Amino acid sequence: MLYEIKNDKLSISADTFGAELHSIKLDGKEYLWQCGDAWKRYAPILFPFICSPKDRTYKAGGQEYHMAANHGFARDSEFTYAGSTKNSLSFLLKDNDVTLAQYPYHFELEVTYSIKGSKVTVTNTVKNTDEKAMYFYLGGHPAFICDIQGGKCTVEYEKNEHIVQPIPNGERTILDGEKTITLTRELFDYDVIMKDHPASKAVTLKKSDGGFVKLSFPHSECIAVWTSTGNPDAQFICLEPWTSVPVYEDDAFEDIENKPHAIKLAPEAVYTYSYTVEVG
């Protein structure tokens, strides 16, 4: 079910399925990609994995588990509507038979969207309701409308960055002590562009129509930029704040307890992760 909140400038809506944002409008103008055939998502939540381990398989407590889909199960789970205020919406996911078959931990994941002025803050709160420590990765994957044909739009990092992307038989430099990437579809022929431990804590999509989307990620250790290259109708760019590099970077460690970038959360402990989207 879809729920909506708004103020005098901004309106947002989010669905109980995946607790996924469906709309961010400022003065009636839509900024969020509207789940077209070129990519059938809006802004999925990545939990308990970012991307996937090799063959979507890993071990926990010495037992092998298989994750059914990429980026974990939260994005394809039905959340419970947990209530709202004048300026916020909340959704809740608890472990169940489907999650436990893939991920052997009892947990609660609450997702809250709050608005103020032209900003949306996304807050993900994980509570370990198990008697043992739990391990996970967490991130956002919002897609924003953008005409990326012919270098009309840019992504600008808050600070100068050095970004090198692996490619077959080598690597290529995306930024070398610079801030701005000019967007083209061909730029993503080798998939996602990500920066581990960026100097920046914000990145801004500057659009060809003069609009912008600024994503601030004070708690992220990795920021990724991505779009689909397979369809010219994919007129969007994803700005993805992640807690760390993806789980596949830890494939040398089969057991989730040993994966260096997995977040370890003690029994009854709470972990909060948030980022903010400003549009204009």
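For the residue classes below, Ala, Val, Leu, Ile, Met, Phe, Trp, Tyr, Cys and Pro count as nonpolar, Asp, Glu, Lys and Arg as charged, and the others, Gly among them, as polar. This is a predicted model, where local features need pLDDT of at least 70, side-chain atom pairs count only at pLDDT 80 or more, and totals for chains, interfaces and linings use all residues. Residues are numbered from 1 along each chain as its sequence is written, and side-chain values use heavy atoms, leaving out hydrogens and water.

**The cavity**
- On a 1 Å grid over the protein atoms alone, a cavity is a set of points where a 1.4 Å probe fits but cannot get out, and lining residues have an atom within 4 Å of a point.

**Asn124**
- Beyond its neighbours within four places in sequence, Asn124 has contacts (heavy atoms within 4.5 Å) with residues including Ile45, Leu138 and Tyr273.

**The pockets**
- A pocket is an open set of points with protein on both sides within 12 Å along at least five of seven lines.
- The largest pocket has about 280 Å³ of space, and its lining comprises 9 nonpolar, 2 polar and 4 charged residues.
- The second largest pocket has a volume of about 210 Å³, with His141, Asp191 and Trp242 among its lining residues.

Technical notes
Points joined across faces, edges and corners; volume = space filled by probe spheres on them.
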